Amino acid sequence: MTDHPVLGQVALGYSPMIDRHKAITALRLTVFPIRPDAQPDATELLAALAQAWPDPAHRVSLNIVGEHLLDAMMRTDLPLNLMLEVPAFMASDLACSDAIAALHTRGNTLLIKGRPLTPLPRDVLPCFAYSIIDLADERRDGMPPPGGVSRNIPHVQSGVETLAQMTDAFGRGAISVLGWPIGDPVPVGAAVARAAQPELTAIVELINRVDRHEPIDRLEAVMKNDPTMAFKLMRYINSPAFGLSVEVTSFRHAIMLLGYQRLKRWLALLLASGSRDANQKPVIYAAVRRGLLMEELGRDSGADDERRGELFVCGVFSLLDRLMHQPFADLLKSIPTSDAVRDALLDESGPHQPYLALVQAVESSSLLDIRSGADALMMTPSSVNLAVLRALVAARQLD
């Protein structure tokens, strides 16, 4: 991933676009210009993003927070896999009509963000494939619209933070939601009703064995007793993400190639993605990207291999309480972690906490928190953005 100068002039945030089957259909990338006196160049920004999303099959919805940059983006040769969100006030502006019409004619997907205060120009309205309505502005109740009101544009609900909000949005007719439905409270005490699924228990057992550095023969025996886990290991180690030039066909060879540290990293990933609950797909999506982004931030801040591995595990495990429906105080009794990971998850303290805080700021697309988090780690905007892009590319290869 090449460092473009424009990456030092913006801050990036991301969130998923989720359909009613709970599948992630696109990524929303929020772009903030960080200095009003230095306007980023739209063409250079597209060149930087093209490294991460060169394939037309990978859809990204660009949410540009900055009128000058957005106006410039609307007048560029926008790749067809990059959708563009246009605020309602700009969609209503006659000065933007020609640019909107030109993008539509080229085949670009446009989304109108927010409710127009005045009717859109007649030739502009058909240019928008979707509308984005924030949950705070939602007026739909799931009933047909009142007489004289026409709702011809499918709508996407933004601002979704819980599973209940996601379910309600689909009940009101949303085709997708934007946000992280990971804000539900974690059950505690008597409210913890679900036991870990058997396949997750096997993963936890293997994590413990790896943590004790048991011989490969014993690890291989556990793998052979769990065909699903063994299949996933072979698929992973032979995937492009691992980058091997020869095919690995035995468990022993796979374990030897991975080594104990990377095997534990992979098991952490497998544990987080082991839920069969369709509603948990967005949580798994978030957990994988948290781990990869924390690892990349550690790489840019000079962390060694062992610490980067811990950062990855910390990020992946940071949502394990929601995935396994148990508080961390109970979970971490059975899953071995370092003191630094435990401190970050239990007490929001320790050396890994600043990395987790920065990742959460990127997820929430909060410019002030991203700045604060980068400063706490003494990282430049460019290095943070490069880490974000590398992590998103790596996550896509694992999907």
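Contact, as the word is used in these legends, means heavy atoms within 4.5 Å. The structure shown is a predicted model.

**Figure 1. The protein chain as a whole, with its helices and strands.** The secondary structure of the chain comprises 17 helices and eight strands. With a radius of gyration of 23 Å, close to the 21 Å that the globule rule gives for 399 residues, the protein chain is as compact as a globular protein of that length. Taken along the principal axes, the box filled by its C-alpha atoms is roughly 70 × 50 × 40 Å. Where contacts in the protein chain join residues at least 6 apart in sequence, 64% of them link residues at least 24 apart.

**Figure 2. The surface of the protein chain and its charged side chains.** The protein chain exposes about 18100 Å², of which carbon and sulfur atoms supply 53%, while buried residues account for 51% of the 399 residues. There are 38 positive and 46 negative side chains in the protein chain, and the centres of these two sets lie 5 Å apart.

Figure 3. Although Val6 and Glu44 are 38 residues apart in sequence, their C-alpha atoms are 6.4 Å apart in space. When neighbours within four places in sequence are left aside, the residues in contact with Val6 are Pro40, Asp41, Glu44, Leu45 and Ala48.

**Figure 4. Helix α4 and the elements that cover its buried residues.** Within helix α4 (residues 97–106), the residues Ser97, Ala99, Ile100 and Leu103 are buried. An α-helix has 3.6 residues a turn, so residues three or four places apart point the same way. The cover over the buried residues of α4 includes α2 (67–74), β4 (82–87), α3 (88–91) and β5 (110–113). Just after α4 comes Gly107, which takes a positive phi of about 105°.

Figure 5. In soluble globular proteins, nonpolar side chains tend to be buried together. The largest nonpolar core in this model has 121 residues, and Leu84, Phe128, Met229, Leu271 and Phe317 are those with the most contacts inside it. Helix α9 (residues 251–272) contributes the largest share of this core, namely 11 residues. If residues up to four places away in sequence are not counted, Leu271 touches Leu200, Ile203, Val204, Ile207, Phe317, Leu320, Met324 and Ile335.

Technical notes:
Residues are numbered from 1 along each chain as its sequence is written. This is a predicted model: local features need pLDDT of at least 70, side-chain atom pairs count only at pLDDT 80 or more; totals for chains, interfaces and linings use all residues. Side-chain values use heavy atoms; hydrogens and water are left out. Helices (H or I, at least four residues) and strands (E, at least two) are DSSP runs, numbered from the N terminus. The radius of gyration is taken over C-alpha atoms; the globule rule is 2.2 Å times the number of residues to the power 0.38. Buried means under 20% relative accessible area, exposed over 50%, partly exposed in between (1.4 Å probe, protein chains only). Accessible areas come from the Shrake-Rupley method with a 1.4 Å probe; for residues, only the protein chains shown count as cover. Lys and Arg count as positive and Asp and Glu as negative; His and the chain ends are not counted. The place of a charge is taken as NZ of Lys, CZ of Arg, CG of Asp or CD of Glu. A nonpolar core is a set of buried Ala, Val, Leu, Ile, Met, Phe, Trp, Tyr and Cys residues joined through side-chain atoms within 4.5 Å.
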